[in-house]
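Q: I have just opened this structure and would like to learn how to read it. Could you take me through some features, one at a time?

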Amino acid sequence: MSDFSVSGNASLGIEFGSTRIKAVLIDENFNPIATGSHDWENKLENGIWTYSLDDVWSGLQDAYSKLNENVYSKFGVKITRLSSIGFSAMMHGYLAFDSGGKQLAEFRTWRNTMTSEAAEKLTELFGFNIPQRWSIAHLYQAILNHEEHVKDISFLTTLAGYVHWQLTGNKVLGIGEASGMFPIDSDVKDYDAGMLEKFSNQPEVSGFDWNIRDILPKVLVAGESAGTLTPQGALLIDPTGTLEAGALLCPPEGDAGTGMTATNSVRVNTGNVSAGTSIFSMVVLEKKLSNVYEEIDMVTTPTGKPVAMVHCNNCCTDLDYWVSLFIEFSKLSGSQLTKPQIYDMLYNCALDGDSDCGGTVSFNYFSGEPVTKLNSGRPLLTRTENAVFNLANFMRCQVYSTMAALKMGMEILDSENVKISKLTGHGGLFKTEIVGQKLMAGAMNTPVAVMETAGEGGAWGIAILAKYAADNTSETLEDYLDNKVFSQYKSFVIAPEERDVQGFSDYMKLYKKALAVEKSAVENI
């Protein structure tokens, strides 16, 4: 194994998450053999959630450097050559560049809820739901706002597309990531031609020198080559010059596509739930939905199959703040408990709570939540006057709050009779064994699986997609994952229990009533 850096048979996956940039190196059998990471945070500047592009590169280099250190500690060598590389990032957002490659406006991330006018108008124009997070909504809102930079746009992309472009020179996206920029026609595996035409014909759009077709990245599907690492790109990853150019790159994907890959959820009627800073479910459909729903994004798998996505902006952030409060108290008391121990204790305590949280309800809204039609958020904890307020109910309420908005979106899929054989969970909510998985199964009334590889997440998923492209096989991605990747890994499934199903249903009744309180908090605090 120690000669992998010489023979160049390893594949690298790097994912730019909301709070962490993670690198995972896999061997020829898909086993993670080394990891590295870099923590980073978005910033609220002039009312816009953003990251600087300088932080993108310093973060990438730090994560890769730590990966290299991990490799050296295990194998006594540094990485010199790689078989293939894949880059992934949080989906959506807005990165606009002029013909010289100059950034024209701040990077506007998925977290922003500033495009409601554009999203509403485009949804009506297309007869297709356009969420506020989508790149086309950000572009159209900039047009409606008469922003000066719009006339100079030569290329519009996402974070994953930007990184890939800088490393290869190719302006491309994987189809799953592209489906968060502009609607996709799954039959032709490209942007929807009719909708492109409708957008171009809008009076406020037609006056620009550019055409929407020309400024969007080219769409590629999983398994296709998306270029090779250039000498300049290799230096952007590894400024020491040790990493050689020439590695194959797969199409850059979003965190939704890598989550589907990492959980083996790309077949029809399978689904997954990613629960971290945000929470979203992805369900691969047999057919398109009968109606247009604001709460449901229509995106695709990395091979272009239609997927119903329920995306909620808020998940574990507020829960983490509450746990941090207990960690602070623990230190104050002189306790020697570690952070992971405190997390596990508090999470497991939630299992002892009343199934409906005893009259306590929480809103974890650090930012706006489009599913519940709020453009801003205020974290809020409230309870009835006769609530059974104890630690177990408090913690159960905090876990429930991470999935309550998601449930409201999933109820629409129930009304459409969408079949889901099981959901596979991954992300921070599932790190403590059983708790998040059990409560999620009750909340969604569906079996929930967690794989032994769940901790590797999207970086592992994009590494798999990179190896799939390098293998240049005729096997479908679905069969490749079943036969080559997941045949060697175990998963643990928890079926919903009636107590949890009924308890969460009762909790949701209070949650929906209390939305008026959350709305008032947004308006008055």
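A: Gladly, and let us start with a term. A residue is called buried under 20% relative accessible area, exposed over 50% and partly exposed in between, using a 1.4 Å probe and protein chains only. Helices (H or I, at least four residues) and strands (E, at least two) are DSSP runs, numbered from the N terminus. This is a predicted model, so local features need pLDDT of at least 70 and side-chain atom pairs count only at pLDDT 80 or more, while totals for chains, interfaces and linings use all residues. Residues are numbered from 1 along each chain as its sequence is written, and side-chain values use heavy atoms, leaving out hydrogens and water.

Q: Which residues are buried in H2?
A: In H2, the buried residues are Leu53, Val56, Trp57, Gly59, Leu60, Ala63, Tyr64, Leu67, Asn68, Val71 and Phe75.

Q: What span should helix H2 have, and how far apart are its end C-alpha atoms?
A: The expected span of a helix is 1.5 Å times one less than its number of residues. H2 covers residues 53-75, so its 23 residues should span 33 Å, and its end C-alpha atoms are 33 Å apart, which agrees. Just after H2, glycine 76 has a positive phi of about 75°.

Q: How do I read a sheet, and what is the order of the strands in the open sheet here?
A: Strands of a sheet pair through backbone hydrogen bonds, either parallel or antiparallel. Two strands count as paired if DSSP finds at least two bridges between them. Here, 7 strands form an open sheet with mixed pairing, in the order E17-E18-E16-E15-E21-E22-E23. Strand E17 (297-300) and strand E23 (491-494) stand at the edges with a single partner strand each, so one side of each has no neighbour in the sheet. From one strand to the next, the twist averages 30°.

Q: How does E21 pair with E15 and with E22?
A: E15 and E21 are parallel, with 5 bridges, and threonine 270 has lysine 422 in E21 as its bridge partner. E21 and E22 also run parallel, joined by 2 bridges; threonine 424 is partnered by alanine 449 in E22. Between E21 and E22 the chain passes through helix H15 (residues 435-444), making a right-handed β-α-β crossover. Right-handed means that, with the strands pointing away from the viewer, the path from the first strand over the helix to the second runs clockwise.

Q: Is E21 enclosed or open, and why?
A: E21 is largely enclosed by the rest of the structure, because 4 of its 5 residues are buried.

Q: How many bridges join E22 to E23, and in which direction do they run?
A: Strand E22 (residues 448-451) runs antiparallel to E23, with 4 bridges. Alanine 449 stands opposite valine 493 in E23.

Q: Is arginine 499 buried or partly exposed?
A: Arginine 499 is partly exposed, at a relative accessible area of 41%, and belongs to helix H18 (residues 498-524). The C-alpha atoms of arginine 499 and serine 355 are 6.5 Å apart, although 144 residues separate them along the chain.

Key: Axes fitted to C-alpha atoms, helices over the stretch in contact; angles between N-to-C directions.
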